[in-house]
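Welcome! Let us walk through this structure together, one piece at a time.

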Amino acid sequence: MNNIESLYLTLLKRCKSLKSINQLHSHIIKSGHISNSFITGNIILHCATLISNALHYAQSLLHHFPNPDAFMYNTLIRGFTDSDHPHKSLTTFIDMRRNIQPDSFSFAFVLKAAANIQCCDTGIQLHSQAVVCGLDTHLYVGTTLVSMYAECGLIDCARKVFDEMFQPNIVAWNAMITACLRCCDVNGAERLYQQMPVKDLVSDNIMLDGYMKAGEIHLAKKLFFKEMRVKDDVSWSTMIVGFSHNGCLKDAFDLFIQLHRVGLKPNEVSLTGILSVCAQAGAFEFGKILHCYIEKLGFVWIRSVNNALLDTYSKCGNVNMARLVFERMPGKKSIVSWTTMVAGLAMQGYGEEALKLFHQMEESGIKPDGVTFISILYACSHAGLIKEGCRYFEIMKNKHNIEPSFEHYGCMVDLYGRGGELQKAYDFITQMPIRANAVIWRTLLGACSIHGNVELAEEVQKRLAELDLNDSGDHVLLSNIYAFAGKWKDVVSVRKSMHSQQLMKNPGWSMIEVDKIMYSFVAGEKDCEITKEAYTKLKEIMLKIRVEGGYKPEVTGSVLHDIEDEEKEDSVAMHSEKLALAFGMSRLCNGSAIRIVKNLRVCNDCHSVMKLVSKIFKLEIVLRDRSRFHSFKDGICSCRDYW
Ligand code: ZN
Ligand code: ZN
């Protein structure tokens with residue numbers, strides 16, 4: 001580097017915007033140093049990696065340079081790979097090949113682009129070109145080939161490349177393990193993990209993540225608690241998020257508290273993870289503590305954390321706090337923020353307000369996605385807006401080109417069903433381009449029961465029986481919008497690799513928060529002290545509503561009610577929401593509302609009990625089941641007995 005070069009390099013480092021680069025560039029042109037490849041190469045590097053929205057500038061610099069070298073091309077290829085336009089990385093590579101020989105860096109960067117766009121044909125072509133250039137067994141290129149094949153789902157090809165590598169390093173081993181996990185081969189990953197000559201923390205974290213995604217919670221726990229001697233931020237947050245995704249809410253709370261106890265600070269990933277747990281469990285008080293904590297630690301500037309907080313307040317039934325978080329969000333609100341708020345309003349039954357917010361969202365220039373429309377259709381059906389719902393369904397398909405999913409069809413059936421248009425709902429189902437699943441039939445069944453149409457209910461029951469219920473894809477309607485599917489898009493790019501989340505069949509449970517501690521109840525469980533306490537109280541409550549309210553237990557399994565399998569097995573008298581209610585009544589002081597979260601749909605009997613208790617004990621009860629909130633007061637429920 002000569003004096004002129006080092007002078008320009010110093011000046012370049014000070015440039016923080018495209019404008020300042022532009023000024024420096026004109027100066028270089030005037031001074032006649034523009035043909036210096038070192039100087040131009042560094043400007044390209046600066047534009048491609050450090051300044052936002054300057055890739056096109058880097059590209060034009062390269063195009064105007066007489067004989068661009070490999071460094072310039074590689075820099076641009078790398079810049080495009082990580083940008084929103086990874087295909088431009090490929091065109092730059094083709095351009096490069098016309099002029100000069102690509103090297104190992106060029107291949108590694110462009111292969112990553114092929115992986116990003118998940119185009120296996122391009123990947124295979126690039127692989128054969130690397131073979132021609134004698135670079136396919138190069139460590140760096142080989143590792144990227146493994147990752148690329150894994151991303152494209154071609155695990156055998158990944159394995160072949162890996163096996164041909166001469167002394168793969170730790171990065172290559174980790175890439176191969178990741179490849180197995182991405183293709184859901186946990187055993188294969190574990191074998192490799194055991195064979196690895198040296199492991200690092202990254203390897204341990206990859207395995208943790210893999211176990212969690214495969215639902216192998218005990219293996220993840222064993223590795224984390226017993227085997228890992230060193231743990232970092234990623235290890236802790238992987239566990240918390242993993243617990244959250246697998247519905248192990250208690251484990252997640254415990255681990256988060258432990259993280260705090262050992263003096264570590266949570267990062268944004270563990271915070272969004274634990275907030276999602278609060279949302280699932282309806283842990284309002286815990287959520288409030290987290291909120292203070294987030295403000296204190298300055299996380300309030302991070303959008304993903306704000307979105308998770310917003311979701312938590314919505315799911316805890318506190319729409320005012322949700323609104324507050326929404327309105328105070330710094331910066332431009334993302335699609336996730338808008339949609340979460342729309343969903344929050346919809347779930348609480350504020351249909352008109354949800355629609356109003358939806359229009360504000362459109363006005364602000366944000367394009368709605370499929371999830372936004374689920375919330376909109378849900379809002380319409382719960383507010384009895386049949387016409388509007390149909391209109392939005394059409395708008396979604398025709399204006400926004402969004403292919404309706406099961407959830408959208410389900411909302412439409414609910415919309416017709418709720419409005420008493422049962423025949424229309426039935427016709428809609430039979431005319432759908434996809435085969436209706438159990439959730440959709442159950443929705444219509446629910447409508448039949450409300451409107452007392454036994455004939456149609458029997459027909460629907462027949463259709464339900466024909467379905468393979470193990471394959472029902474029983475989705476949680478609105479309760480876990482983005483978080484459950486791991487779709488906090490603007491959260492954490494590391495987790496982008498989530499393979500299709502397998503929804504697990506949970507047994508029925510209910511949760512209640514008392515003194516900032518979450519208690520969970522499972523139907524029929526009798527062993528622990530807490531449950532005993534709940535049972536004793538429950539007996540007393542049931543006796544009182546029998547005598548004073550004329551309560552009679554409902555017979556389950558009638559043709560009109562399709563109860564979840566887990567619930568059928570247990571006697572209705574022991575349903576988890578009744579236990580949670582009794583426990584809350586024994587522990588909470590008089591006058592405070594009882595908030596319960598249930599993971600499945602509330603059954604008829606529990607619903608009647610809640611209504612009676614709210615009247616006889618003059619108690620407000622808020623029950624969130626898997627599809628909506630029920631607020632019981634003076635013997636009436638906000639759902640008007642329709643859920
Ligand atoms: Zn029940
Ligand atoms: Zn209700």
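**Helices side by side**

Let us begin with two helices: α13 (residues 201–213) and α15 (residues 233–245) have axes that come within 9 Å and cross at roughly 0°. This is a predicted model, in which local features need pLDDT of at least 70 and side-chain atom pairs count only at pLDDT 80 or more, while totals for chains, interfaces and linings use all residues. Residues are numbered from 1 along each chain as its sequence is written, chains are lettered from A and ligands numbered from 1 in the order in which they are written, and side-chain values use heavy atoms, with hydrogens and water left out.

Helices (H or I, at least four residues) and strands (E, at least two) are DSSP runs, numbered from the N terminus. The axes are lines fitted to C-alpha atoms, for helices over the stretch in contact, and angles run from 0 to 180 degrees between N-to-C directions. Helices α13 and α15 are therefore roughly parallel to each other, a term for angles under 35 degrees. On the α13 side, L201, N205, L208, D209 and M212 meet V234, S235, T238, M239, G242 and F243 of α15; contact here means heavy atoms within 4.5 Å.

Helix α13 also leads us to a neighbour, α12 (residues 186–195), whose buried residues pack against α10, α11, α13 and α14. Which residues of α12 are buried? They are V186, G188, A189, L192 and Y193, where buried means under 20% relative accessible area and exposed over 50% (1.4 Å probe, protein chains only). These residues lie on the same side of α12, because they cover an arc of only 160° around the axis, the arc being that of the directions from the helix axis to the C-beta atoms. On the other side of α12, N187, R191 and Q194 are exposed.

Now move along to strand β3 (residues 594–598), which is largely enclosed by the rest of the structure, because 4 of its 5 residues are buried. Strand β1 (residues 509–514) pairs with β3 in the antiparallel sense over 3 bridges, and M511 stands opposite V597 in β3. Strand β4 (residues 621–624) runs parallel to β3, joined by 4 bridges, with I594 opposite I621. Strands count as paired if DSSP finds at least two bridges between them.

Helix α31 (residues 576–587) packs with α32 at an angle of about 20°, their axes 10 Å apart.

Definitions and conventions: Parallel < 35°, antiparallel > 145°, perpendicular 65-115°, else oblique.
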